[in-house]
Protein chains: 2
Amino acid sequence: MVDTTADSDLLDLRKGRPAAGQDPVKRAQIIEGARRVFIDKGFEAASMNDITREAGVSKGTIYVYFENKEELFEALIEEERGTIFKNMYEVLDHFEDLRKTLVKFGTGLSIKITSAKVIQAQRTVVGAADRIPELGARFYERGPKRGHDRVMVFLDEAVARGLLKIDDVDLAAYQFTELCLAGLFRQCIFSYRTKAPTQAEIEKIVTSGVDVFLKAYGTEKFFAEERASASA
Amino acid sequence: MVDTTADSDLLDLRKGRPAAGQDPVKRAQIIEGARRVFIDKGFEAASMNDITREAGVSKGTIYVYFENKEELFEALIEEERGTIFKNMYEVLDHFEDLRKTLVKFGTGLSIKITSAKVIQAQRTVVGAADRIPELGARFYERGPKRGHDRVMVFLDEAVARGLLKIDDVDLAAYQFTELCLAGLFRQCIFSYRTKAPTQAEIEKIVTSGVDVFLKAYGTEKFFAEERASASA
DNA sequence: AGGAAATCGAACCGAGCGGTTCGAAATATT
DNA sequence: AATATTTCGAACCGCTCGGTTCGATTTCCT
């Protein structure tokens, strides 16, 4: 009889049945159930029994995969964060028309952040951040913060091309983001808005926001180029 | 013997002992205890027994003054909202120097909203809004919304004086507010920042925000006047 | 087919919850 | 001092929670 367990201590190459608490499919299944429950009830109100039911997995199994409720929530947020901010920064990769790029990126950002699903997730994190500050911090750091950094890189590039004149790029990046949201985030997270803003609404806000931003930071060169390409 | 109870049905002029659940002092005492507990534990995690202890009031008494946990929380938020936004709009009442007024108002707003106490209160509301959306909506409506309306009136006046040129005042008011916060709100509410921003930090942000705002919406007249008064 | 192991499922634990009850104690009016 | 009523305080209710346990069952490898 071959001792597979001994081997797995060196190389986990077993193709067969996963060890207890190691099956990625089951893990995903649990997280999927947890997502539904946590997001629509909040951290405190969500019960492990609810998750058990929603995930179609026994309670004992959940506790094989996750130490406790808090760790399960963390794992969920980790995943959620990944999907929220995925593919959001691609539009910044190819530098063409500055205004168009800003509008396109701002629109994508605004739609994502104010979508019902994402707002609910953020509400849950904020609510939990009351008692587990590190969790909120981690979410911000690996989510919004990364976006902010990516925007800074983009603005730096625009400055280097002489299209923008910015003293404090860090601050300007924040200003840009906020201009693209212009009240939406607050309204959504306080559930003053019960529905996500319409596409038209967002486009109006972002267009105006980019306009403000460019009026403040656009160089003569930028406006000259824009006039030139408009008349072309 | 005078029947005071009968009179009180018409006119509650009794100076004596308040009716059950009517003593404003006791009520305030309960709310004060509730504030401490709710704000540092969040709605779900706060227990009525905690509040009992913190308020130095028996549980039965609390339930004489408030129907249930939720109503007590509402009453607290109602009060809190009142104190948060008190005296914040006075600076907009006397129209003198536009830029200075905007900076002064923006600074006050930013300090208030990002103060540890207010952030915690907002986090609690956001967390609760997950399960009681009307509560969050009411908070926003009677708090931030009123501020927004007040800013709109101010901007309207500036437009009327020919100092600003704004197509969409509603949107511009949002933009102004967001420029004054520039990332602070998000950082604070996710507890990425554990401490409130410094005065210097806020002043830098607000000064820059007002600058952006005026570059975008200031009229020739405004800049001419500013140049004139600068050289004077 | 046989056997090791992961999962199930349901009962169970102690704790704490929101909310109620009720006689004792405190307080103000007469 | 006597009376009326608010408040106290502690026990209690039914319930749900996060988390554990353990035998029965399923799954997959050999």
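A:Ser208 counts as buried at 17% relative accessibility, where buried means under 20% relative accessible area, exposed over 50% and partly exposed in between, taken with a 1.4 Å probe and protein chains only. A:Ser208 belongs to helix H12 (residues 199–217) of chain A; helices here are DSSP runs of H or I with at least four residues, strands are runs of E with at least two, and both are numbered from the N terminus. Leaving aside neighbours within four places in sequence, A:Ser208 is in contact with B:Leu171, B:Gln175 and B:Tyr217, contact being heavy atoms within 4.5 Å.

This is a predicted model, in which local features need pLDDT of at least 70 and side-chain atom pairs count only at pLDDT 80 or more, while totals for chains, interfaces and linings use all residues. Residues are numbered from 1 along each chain as its sequence is written, chains are lettered from A and ligands numbered from 1 in the order in which they are written, and side-chain values use heavy atoms, with hydrogens and water left out.

## The two copies

The same surface serves both copies, since 100% of the contact residues of chain B recur in chain A.

## Domains and helices of chain A

Chain A is divided into domain 1 (17–76) and domain 2 (85–231), with bounds that come from an automatic or database domain assignment. The C-alpha centres of domain 1 and domain 2 of chain A lie 33 Å apart, and their contact takes nine residues from domain 1 and eight residues from domain 2.

In helix H3 (residues 48–55) of chain A, the buried residues are A:Met48, A:Asp50, A:Ile51, A:Thr52 and A:Ala55, and what covers them includes helix H2 (24–41), helix H4 (59–65) and helix H5 (69–84) of chain A. Just after H3(A), A:Gly56 takes a positive phi of about 65 degrees. A:Val64, whose place is in helix H4 of chain A, is partly exposed with a relative accessible area of 47%. A:Val64 and A:Glu74 are 10 residues apart in sequence and 16 Å apart in space, C-alpha to C-alpha.

A:Thr101 sits in helix H6 of chain A and is buried, with a relative accessible area of 7%. Not counting residues up to four places away in sequence, A:Thr101 touches A:Val91, A:Leu92, A:Glu96 and A:Phe154.

## Two helix pairs

The table sets out one pair from each chain. Axes are lines fitted to C-alpha atoms, for helices over the stretch in contact, and angles run from 0 to 180 degrees between N-to-C directions.

| Helix pair | Angle | Axis distance |
|---|---|---|
| H6(A) (98–114) and H9(A) (144–160) | about 170 degrees | 12 Å |
| H2(B) (24–41) and H7(B) | about 75 degrees | 8 Å |

Angles under 35 degrees count as roughly parallel, over 145 as roughly antiparallel, 65 to 115 as roughly perpendicular and the rest as oblique. H6(A) is therefore roughly antiparallel to H9(A), and their contact is made by A:Leu98, A:Thr101, A:Leu102 and A:Phe105 of H6(A) with A:Val151, A:Phe154 and A:Ala158 of H9(A). By class, that contact has six nonpolar, one polar and no charged residues, where Ala, Val, Leu, Ile, Met, Phe, Trp, Tyr, Cys and Pro count as nonpolar, Asp, Glu, Lys and Arg as charged, and the others, Gly among them, as polar.

H2(B) is roughly perpendicular to H7(B). In this pair, B:Phe38, B:Ile39 and B:Asp40 of H2(B) meet B:Gln120, B:Ala121 and B:Thr124 of H7(B), a contact with three nonpolar, two polar and one charged residues.

## Other features of chain B

Helix H8 (residues 133–142) of chain B has B:Leu135, B:Gly136, B:Ala137, B:Phe139 and B:Tyr140 as its buried residues, and their cover includes helix H11 (184–189) of chain A together with H5, helix H7 (116–129), helix H9 (144–160) and H10 of chain B.

Most residues other than glycine have a negative phi. B:Asn87, however, has a positive phi of about 65 degrees; B:Asn87 lies in the loop between helix H5 (69–84) and helix H6 (98–114) of chain B and counts as exposed at 54% relative accessibility. Phi of B:Ala182 is also positive, near 40 degrees, but B:Ala182, in the loop between helix H10 (169–181) and helix H11 (184–189) of chain B, is buried with a relative accessible area of 2%.
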